Each structure stands twice: as structure tokens, then as C-alpha cells.
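Me: I have a new structure open and would like to learn how to read it. Could you walk me through it, one feature at a time?

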Amino acid sequence: MTGCSARTDIFQHRLMEEPPPASATRRTRERYDQLVREAKTLCASCPLFTDCLFSAVAEHDVSGFVAGTTAAQRRSMRNLLNVEVQTDDFDQLAGARGTRRPVSHEEVLRLRTQYPNDSLESLAMRLGCSLSTVKRHLRRARRGQSPASKAPRRRPEVSAVLDAFDAVVDQPCRAPRPGTTRVA
């Protein structure tokens with residue numbers, strides 16, 4: 001059993017979702033620091049650490065404390081690696097659509113092909129969008145104006161993610177500037 005599943009009292013603690021602001025009480029900041037130390041210890045000894053870190057940095061934009069990192073640290077690592085990860089849309093994964101959700105061009109065309117005898121209103125209901133959205137996508141398809149898709153960014157190597165982790169999380173203390181005194 002991994003540390004995060006065995007110690008949900010640490011990893012699912014409300015403070016672990018986002019570091020407390022500077023205006024938080026001293027007690028709250030100390031509790032957060034304690035939770036982070038315990039979580040880092042558990043992550044460091046986990047046999048799935050590398051896979052978990054790679055997934056959290058290069059594949060899924062998750063919140064909270066994951067693989068020994070905060071969400072801000074993972075964003076810094078993605079910036080170093082030039083990686084862009086979309087936040088997982090759990091509603092879409094579950095097959096639910098709310099109002100005002102963008103509908104992909106490909107999905108409209110796929111459903112039109114799958115249900116050629118359905119009315120455009122029926123397609124709009126299936127997609128959970130307006131009739132005008134369906135018409136707009138079908139007009140674009142007739143004109144050959146498929147929305148331009150972004151070229152996918154390259155996926156980083158595991159070693160690059162580990163190097164970014166070292167650079168962001170395990171930063172060595174900077175040497176003091178000449179003329180300054182370091183307080184321990």
C-alpha cells in the first residue's frame with residue numbers, strides 16, 4: 001500500500017490542497033509545514049514515486065500534494081520542461097455535459113455520420129449544445145474549414161522530469177551574496 005493511500009489523513013487534509021496564505025495564523029502555517037514534511041517522507045520511500053511524479057507533471061494536472069510536490073512546484077517543472085497539460089474534465093470523462101460547454105468539431109461530425117437520419121435538433125440534444133452550434137460546425141465542414149488543431153507538444157522523458165524535480169524541489173541553498181550574512 002502506498003503512503004498516500006495509507007495516510008489519507010495527511011494527503012487529503014484540507015491544508016494540502018493549497019499552501020496557506022501569508023496572512024494565515026502561525027499555527028496553521030506550522031501545521032501545513034508538518035503535513036508537508038510527513039508527506040515528503042512518505043513520497044520519498046514510495047516505490048511508485050517516479051511514475052506518480054511523471055504522471056502528475058507530464059500527463060495530468062492534479063491538485064494538492066502529489067509525488068513530493070505542490071501544484072505550484074509542478075507548474076514550475078512544466079515551465080522548465082515546456083510541457084502543457086490540460087486539467088482533467090471529470091464531467092466529460094463521466095459522460096455528463098453541462099450548459100455552455102464547448103463541443104468539439106470532430107464530435108459533431110462523428111455524430112452526424114453515426115446518425116445521418118437524425119434531425120439537427122436531435123444531434124444538438126445528443127451533444128448537449130444549441131442547434132446553432134451544430135449548424136455552425138456542419139457549415140465549416142462543408143466549406144472545408146475544420147478548426148486548426150495545435151501541434152501536440154512533445155512528451156518529456158522520465159529523466160527530464162526527474163531533473164526538473166531536482167531543479168525545482170531539491171534546490172540547493174543559494175550561496176549568500178558578498179557582504180550579506182546568512183542566519184541559520
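Predicted model: local features only at pLDDT ≥ 70, side-chain atom pairs only at ≥ 80, totals over all residues.

Me: What should I look for inside, and which residues touch the most other members of the largest nonpolar core?

Reply: The general idea is that nonpolar side chains tend to be buried together in soluble globular proteins. In this model the largest nonpolar core has 27 residues, and Met16, Leu53, Phe65, Met77 and Val161 are the members that touch the most others. At least two core residues come from each of α2 (8-11), α3 (26-44), α4 (49-59), α5 (71-81) and α10 (158-168). The helix that gives the most is α4, with six residues.

Me: Then let me look at α4. Which of its residues are buried, and what do they pack against?

Reply: When you study a helix, ask which residues are hidden and what lies across from them. In α4 the buried residues are Phe49, Leu53, Phe54, Ala56, Val57 and Ala58, and they pack against α3, α5 and α10. Take Leu53 as an example: beyond its neighbours within four places in sequence, Leu53 is in contact with Ala67, Thr69, Met77, Val161, Leu162 and Phe165. There is also a second, separate core of nine residues, including Val103, Val108, Leu111 and Leu123.

Me: How many aromatic pairs does the structure hold?

Reply: For aromatic rings, check the distance between centres and the angle between planes. The structure holds two such pairs. Phe11 and Phe65 form a tilted pair, 6.3 Å centre to centre with 50° between the planes. This pair links distant parts of the chain, with Phe11 in helix α2 and Phe65 in the loop between α4 and α5, 54 residues apart. Phe11 and Phe65 are buried. The other pair, Phe49 with Phe165, is edge-to-face, at 5.4 Å centre to centre and 75° between the planes. Here Phe49 sits in helix α4 and Phe165 in helix α10, 116 residues apart. Phe49 and Phe165 are both buried as well.

Me: Now the pocket. What volume does the largest pocket have, and which residues lie nearest its centre?

Reply: With a pocket, look at its volume, then at what lines it. The largest pocket has a volume of about 330 Å³. Its lining has 19 residues, with Cys4, Phe11, Cys52, Phe65 and Val66 nearest the centre. By class, the lining has 11 nonpolar, seven polar and one charged residues. Helices α1 (3-6), α2, α3 and α4 each supply at least two lining residues, and α1 gives the most, with three.

Conventions:
Residues numbered from 1 in each chain as written. Heavy atoms only, no water. Core = buried A, V, L, I, M, F, W, Y, C linked by side-chain atoms within 4.5 Å. Buried < 20%, exposed > 50% of the residue type's maximum accessible area, 1.4 Å probe, protein only. Helix = DSSP H or I, 4+ residues; strand = E, 2+ residues; numbered from the N terminus. Contact = heavy atoms within 4.5 Å. 1 Å grid on protein atoms, 1.4 Å probe; cavity = no way out; pocket = protein on both sides within 12 Å on 5 of 7 lines; lining within 4 Å. Points joined across faces, edges and corners; volume = space filled by probe spheres on them. Nonpolar A, V, L, I, M, F, W, Y, C, P; charged D, E, K, R; others polar. Phe/Tyr/Trp six-rings, centres within 6.5 Å; stacked < 30°, edge-to-face > 60°.
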